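Reader: Could you take me through a protein–DNA contact and a protein–protein contact, one feature at a time?

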Number of protein chains: 2
Amino acid sequence: MAESSQSKATRSAGARGGTDRVLGELRRRIANHVLPPGVPLREQDLATEFGVSRARIRDTFGILEERGLIERIPNRGAVVTRLEADKITELFEVREALEAQMVRLATEKAPPGTWDELTELFGPSMNATLAENDFDAYEEAVHKFRQQCIAAADNAVLSDLLDSLYDRTQMLIRRLVLLPGRAQEGMRQHQEILAAMRAGEAEEAERLKRANIRSARDWFQNYQKYLM
Amino acid sequence: MAESSQSKATRSAGARGGTDRVLGELRRRIANHVLPPGVPLREQDLATEFGVSRARIRDTFGILEERGLIERIPNRGAVVTRLEADKITELFEVREALEAQMVRLATEKAPPGTWDELTELFGPSMNATLAENDFDAYEEAVHKFRQQCIAAADNAVLSDLLDSLYDRTQMLIRRLVLLPGRAQEGMRQHQEILAAMRAGEAEEAERLKRANIRSARDWFQNYQKYLM
DNA sequence: GGCGGCAATATTGTCAACAATTTTGACAGC
DNA sequence: GCTGTCAAAATTGTTGACAATATTGCCGCC
């Protein structure tokens, strides 16, 4: 995430000047629920905190709204977006398409050996870790998988869209991991995906990733009342 | 396009106040190359033209930049984005994933009979129209296909992403149609996609749509020097 | 003609003030 | 306690001025 935000700034050669710093920080806080859903955002307060003009904050708000992270209501201000269940379903449907493509492109474009280290990471030691309910290590592994695929896919447009989606859903994804049996299932799925990727079977890897996101969506729908 | 822009305004209950009007108009001009790539956009001039504050224009610029339609350079202003070949390739890769998902969802969600009228539209009379090099009718049919799929897919997040992508690529897509044989190929492909959709074969429809976008990308790459 | 220097001009970025709108708090009445 | 009214306070939206930065035009020199 931080890397992607940084790469965007680099790519635009500082196009947004001070906005990137503010934007990156607000994205982080919103994505992590440091600023939780429903919280109002005050222009002047943020301008003071970040030492920028109010105009700069308003500029940033435009971008945050476009990324679905906040909602602005005329004359009333901005609030951090609350995700409703139907919107989450929509996000999963889009995520399914984009992450499947990410995996497909990564498989097609990556040189041999790219996925060896990750395959080890998702190996027997991780199974043992999960048996002890250590979700941190699993989460970190999934994060690493994700980053490596994005890098290998080598598509900045896709990368940005995935980041944007992730900003909006990461706390939910984190909660999903806690559901009994979900992590173990996800683990198996990632192992299969990686096996297909190592074998260079892009279409199969894509199909498996698609199934992985669909199952996440199913878990969300089955446990919806505990998650929201 | 106009409908989607309108639906966004409705959904947010006027969240952006006057920004939507300005945003919609600038999107239209940029997408259609009324404001062609490379053209500078002057804040004060636009503020005067639209009768809004300069702050409102800057707000809109933030959004346009987030949608990839303009680039802003500190202290120098905004210009309409020029699409380089590698960025176009990236856009095609993303488009492939999203439009395939659009078609898949549309197939899964639409009631029987939804695609009958479109199938007729892409029928023998359109073949005859194309034989006379009447691309307008074909383009209109593809547009109608697209809109109907977006509506049937019933996913606002996906819809917005597709709109955003289309804004950025529509002039190129229009040029592609002119290439000798491209429209005829596209025509066949749409007929096949619609057949799969009518048969309720979501996965097959998706595969065919994917192939359709991939072939568009191939045509772009083969005729790149004539198109840019 | 090309280059450099410099002033004039244009444009963005910021600031402060104020208009417009909304929210909050205090109070009275039921 | 709840509701309505009204003033005070808070916040957004706009405006104009000006600082900061970049561009353009003019002139002189080689």
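Reader: Which residues come nearest to DNA strand D?

Author: The model is a predicted one, and in it 14 residues lie around DNA strand D, of which A:Arg54, A:Arg58, A:Asn75, B:Arg56 and B:Arg76 come nearest.

Reader: What share of the atoms of DNA strand D within 4 Å of the protein belong to sugar or phosphate?

Author: Sugar or phosphate accounts for 84% of those atoms, and the rest belong to bases. Individual polar atoms can be read in the same way: A:Arg58 has a polar side-chain atom 2.6 Å from a phosphate oxygen of DNA strand D, and for B:Arg76 the corresponding distance to a phosphate oxygen is 3.0 Å.

Reader: How many nonpolar, polar and charged residues does the surface near DNA strand D have?

Author: Sorted by class, that surface has eight charged residues, four polar ones and two nonpolar ones.

Reader: Turning to the two protein chains, how should I read the area buried between chain A and chain B?

Author: The size of an interface is often given as the accessible area lost when the parts come together. Here the area buried between chain A and chain B is about 3,200 Å², with carbon and sulfur atoms giving 45% of it. On the side of chain A, the residues that lose the most area to chain B are A:Glu66, A:Glu93 and A:Val157, which together make up 19% of what that side buries. Counted by residues, the contact takes 40 from chain A and 39 from chain B.

Reader: How many salt bridges and how many residue pairs in polar contact are found across this interface?

Author: The rule finds 10 salt bridges between chain A and chain B, including one between A:Glu108 and B:Arg214, whose closest N and O atoms are 3.3 Å apart. Polar contact across the interface involves 22 residue pairs, counted with both residues at pLDDT 80 or more.

Reader: Which element gives the most to the side of chain A that touches chain B?

Author: Two or more residues come from each of α1 (2–11), α4, β2 (70–73), α5 (85–109), α9 (156–177) and α11 (202–222) of chain A, and α5(A) gives the most, with 13 residues. By class, the residues on this side of chain A divide into 22 charged, 13 nonpolar and five polar.

Key. Residues numbered from 1 in each chain as written. Chains lettered and ligands numbered in written order. Predicted model: local features only at pLDDT ≥ 70, side-chain atom pairs only at ≥ 80, totals over all residues. Heavy atoms only, no water. Near = heavy atom within 4 Å. Polar contact = N/O pair within 3.5 Å; in protein donor to acceptor, adjacent residues only side chain to side chain. Nonpolar A, V, L, I, M, F, W, Y, C, P; charged D, E, K, R; others polar. Contact = heavy atoms within 4.5 Å. Buried area = accessible area lost by both parts, 1.4 Å probe. Salt bridge = Lys/Arg side-chain N within 4 Å of Asp/Glu carboxyl O. Helix = DSSP H or I, 4+ residues; strand = E, 2+ residues; numbered from the N terminus.
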